[in-house]
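I keep these notes as a record of what I looked up in one protein structure. I ask the reader to keep the sequence and the model in view while reading.

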Amino acid sequence: MAEMGSKGVTAGKIASNVQKKLTRAQEKVLQKLGKADETKDEQFEQCVQNFNKQLTEGTRLQKDLRTYLASVKAMHEASKKLSECLQEVYEPEWPGRDEANKIAENNDLLWMDYHQKLVDQALLTMDTYLGQFPDIKSRIAKRGRKLVDYDSARHHYESLQTAKKKDEAKIAKAEEELIKAQKVFEEMNVDLQEELPSLWNSRVGFYVNTFQSIAGLEENFHKEMSKLNQNLNDVLVSLEKQHGSNTFTVKAQPSDNAPEKGNKSPSPPPDGSPAATPEIRVNHEPEPASGASPGATIPKSPSQSSLPAVVVETFSATVNGAVEGSSGPGRLDLPPGFMFKVQAQHDYTATDTDELQLKAGDVVLVIPFQNPEEQDEGWLMGVKESDWNQHKELEKCRGVFPENFTERVQ
């Protein structure tokens, strides 16, 4: 019996909600047709317009800030690769080797510190700022529904009062429902009337603090980086003085129909022609006297890539990951197109329906975008490993997430 009673209550709530939706729909139709007046509040509507504008601006700022952070991370990786290259070619007997290695270490630490401070002082603050909008947006929508309920109750009460045959009992009940609907609406309305202008005014201070933090961090970063660059320059000047007799020249390989000397600006060769490939000439001894054999020449191999190492490495990882993720032995338990795994280093609150909600420690299986043109810089597509293991459905579980909130683990 208790179970039946419980089901009866649930059914009653469902019926009540259905009736509310039907009544609201009828009221909105009457208002649109001009057969029922609608309560208007121009001041509140202006507040809602400001709220939507503020939300749009904040969302764009958050996206651009993530793109900026992704660029900082990419520059860090490129700088690290360049430093590693210098360390590899710097021979042990050359002066300043230890100093060059120490500068490379400090360079790496400086980039890491810069990125982390941007996350802590800008991105996390940005996420907190935007975190208050979903709740307020929901309350604005609820206020709109309660306003329709109030108008509907008001019109019902007025129609009973103007009827030829008055039913006092119905009028009393309608009046009671009107008072209740008005109270609910006004409570929500008063709260929002206070919060929305305050939120709108807060944007100025937030923008000032955010961009001041970014500007200050970038200024300090470049100051410290400038010192490291000056130290590295001093080390290289010392190396140059010790090996000052060596020469290094870079010359373009002349084509068969190259113009005679004296022409200032020869036309560039067409792409793919032999003249388009430069030649690097390295002389480890002083230039020979006239008639002696010239120094060794090292032409650039056509197979050498002109792309930065970080780009080649990223492309290779993506290709290999896509191959490994294809359907094959040992990969049937992973989503189609699986490339690699990442682990969330920070909590991330989704701000749109196509985003993943992440908690620090969550493992995400990264998959390619169905349409690569839809991928924004700094964002990845994936499905949380726990959701995939439970549902095995990409359509319901997949979503996008900011790459800089995660770290690759496989």
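The entries below follow my look-ups by topic.

**Entry 1. Ground rules**

I note that this is a predicted model, in which local features need pLDDT of at least 70, side-chain atom pairs count only at pLDDT 80 or more, and totals for chains, interfaces and linings use all residues. Residues are numbered from 1 along each chain as its sequence is written, and side-chain values use heavy atoms, with hydrogens and water left out.

**Entry 2. Salt bridges**

I began with charged pairs. Side chains of opposite charge can pair when their charged atoms come close. I counted a salt bridge where a side-chain nitrogen of Lys or Arg lies within 4 Å of a carboxyl oxygen of Asp or Glu. How many salt bridges does a search of the whole structure find? The search gives 15.

I then looked at helix α4, which covers residues 133-161. Helices (H or I, at least four residues) and strands (E, at least two) are DSSP runs, numbered from the N terminus.

Arginine 154 is buried because its relative accessible area is 13%. Aspartate 151 is buried too, with a value of 1%.

Glutamate 395 is exposed, at 62% relative accessible area. I also noted that salt bridges with shared partners link Asp135, Arg139 and Glu195 into one network.

**Entry 3. A negative patch**

Which residues form a negative surface patch? I found Glu186, Glu187, Asp191 and Glu194. For patches, residues must have over 30% relative accessible area and no salt bridge; like charges are joined within 9 Å, and nonpolar side chains (Val, Leu, Ile, Met, Phe, Trp, Tyr) within 5 Å. Glutamate 194 belongs to helix α5, residues 168-242. Its relative accessible area is 56%, so glutamate 194 is classed as exposed.

**Entry 4. Cysteines**

I next looked for disulfides, each being a pair of cysteine sulfur atoms within 2.5 Å. By this rule the count is 0. I looked up the accessibility of two cysteines. Cysteine 85 is partly exposed at 41%, whereas cysteine 397 is buried at 8%.

**Entry 5. Residues apart in sequence**

- Isoleucine 103 is in helix α3, residues 97-131, and is buried at 11% relative accessibility. Methionine 225 is 122 residues away along the chain, yet the two C-alpha atoms are separated by 10.0 Å.
- Glycine 144 is in helix α4 and is partly exposed, at 31%. Its C-alpha atom is 8.7 Å from that of phenylalanine 185, at a sequence separation of 41 residues.
- Arginine 408 lies in strand β8, residues 406-408, and is partly exposed at 43%. Valine 364 is 44 residues from arginine 408 in sequence and 9.4 Å from it in space.
- Glycine 361 occupies the loop between β4 (340-344) and β5 (363-367) and is partly exposed at 35%. Glutamine 343 is 18 residues from glycine 361 in sequence and 5.8 Å from it in space.

**Entry 6. A positive phi**

My last look-up concerned the backbone. Most residues other than glycine have a negative phi. Which value does phi of lysine 392 take? The angle is near 60°, a positive value in a residue other than glycine. Lysine 392 is found in the loop between α7 (385-391) and α8 (394-397). With a relative accessible area of 42%, lysine 392 is partly exposed.

Conventions:
Areas by Shrake-Rupley, 256 points an atom, 1.4 Å probe, with all protein chains shown as cover. Lys, Arg positive; Asp, Glu negative; His and termini not counted. Charge placed at Lys NZ, Arg CZ, Asp CG, Glu CD. Buried < 20%, exposed > 50% of the residue type's maximum accessible area, 1.4 Å probe, protein only.
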